[in-house]
Amino acid sequence: MIELRGLAAGYHRRPVVQDIDLAFRPGEVLVLAGPNGSGKSTLLRAVLGLAPCLAGEVLLDGAPLSRLSPRQVARQVSFLSQSRPVPNITARRMVLHGRFPHLSCPRHYRAEDHRIVAEALAAADAADLADRPLPELSGGQRQKVYLAMAIAQQTPTVLMDEPTTFLDIAHQLGVMELARRLARSGKAVVLVLHDLPLALAGADRLAVLDAGRLVGAGAPEAVYESGVLERVFGIRQGRAATPEGWQYYCKLPKEEG
């Protein structure tokens, strides 16, 4: 389990997030929500050592994550970032990059690596893209390939920063179902999402950031009932009971007068 204790992180010695106490628990989907600029991406990058930690600490099973080498961290945490390069290689070769932390130099791919990559492509609904060059793919297709790369890394913790970007509604729902499958397999899965109804319906826990601080966290129903989402986003929320459980929706507040 990864724990953030009193974490402050940012750039040029200026904190973007402060006083964050939060756990990434195995077997659970945690969604980070908050307005643009609230620090969600910085928080994930701080866990990986990509954003400087200014105070507090990140612990892996009780030990400081900062003591691990980048290779050791990559064996523990995979990260799907917001922006990624588009090299002129096939989707399969891109997904093989997820195996790098498990290989020695010079890299020689094993039959096991190719099997894992094929399974990851299938899990991300990208098997049909395996032999296509990345520059020829649409944004949504590339997103599925990068998801497959994160899966192929086979880490106990999976961090995804806006993984539904470029995806149509069916594939957005598919990403949430994939996240839930990964959690059921015992992984800790953390997603940054802007789609509040999807987050409320699919997360085990929801953590809400505003201006760099954690302003609410807990089960989705509890966070919804607290009203923190309406305050932070300046929206009105509602929900309706269905045979599949609560279905949530958002709307703009009514104008007064």
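1. Among contacts in the chain with a separation of 6 or more, 63% are between residues 24 or more positions apart. Contact means heavy atoms within 4.5 Å. The model is predicted: local features need pLDDT of at least 70, side-chain atom pairs count only at pLDDT 80 or more, and totals for chains, interfaces and linings use all residues. Numbering starts from 1 along each chain as its sequence is written, and side-chain values use heavy atoms, with hydrogens and water left out.

2. Overall size. A compact globule of 257 residues would have a radius of gyration near 18 Å; the chain has 19 Å, which agrees. That radius is taken over C-alpha atoms, and the globule rule is 2.2 Å times the number of residues to the power 0.38. The C-alpha trace spans about 65 × 40 × 30 Å along its principal axes. Of the 257 residues, 47% are buried. Buried means under 20% relative accessible area, exposed over 50%, and partly exposed in between (1.4 Å probe, protein chains only).

3. Secondary structure. The chain has 9 helices and 12 strands. These are DSSP runs numbered from the N terminus: helices are H or I with at least four residues, strands E with at least two.

4. Two strands pair if DSSP finds at least two bridges between them.

5. Leucine 4 stands opposite leucine 22. Tyrosine 11 has arginine 14 as its bridge partner. The hairpin has 2 residues between the strands, and histidine 12 takes a positive phi near 55° there.

6. Leucine 214. This residue lies in strand 10 (residues 213-218). Its relative accessibility is 26%, so leucine 214 counts as partly exposed. Leaving aside neighbours within four places in sequence, leucine 214 is in contact with Ile20, Asp21, Leu22, Ala207, Val208 and Leu209. Aspartate 19 is 195 residues away along the chain, yet the C-alpha atoms of aspartate 19 and leucine 214 are separated by 7.7 Å.

7. Helix 4. The 13 residues of helix 4 (residues 111-123) should span 18 Å at 1.5 Å a residue; the end C-alpha atoms are 18 Å apart, which agrees. The expected span is 1.5 Å times one less than the number of residues. Asp113, Ile116, Val117, Ala120 and Leu121 are buried in helix 4. They cover an arc of only 135° around the axis, so they are on the same side of helix 4. The arc is that of the directions from the helix axis to the C-beta atoms. Helix 3 (91-96) and helix 5 (139-152) are included in what covers these buried residues. Just after helix 4, aspartate 125 takes a positive phi of about 60°.

8. A further hairpin. Strand 11 (residues 236-242) and strand 12 (residues 245-251) pair antiparallel over 7 bridges. Their hairpin has 2 residues between the strands. Alanine 240 stands opposite glutamine 247 in strand 12.
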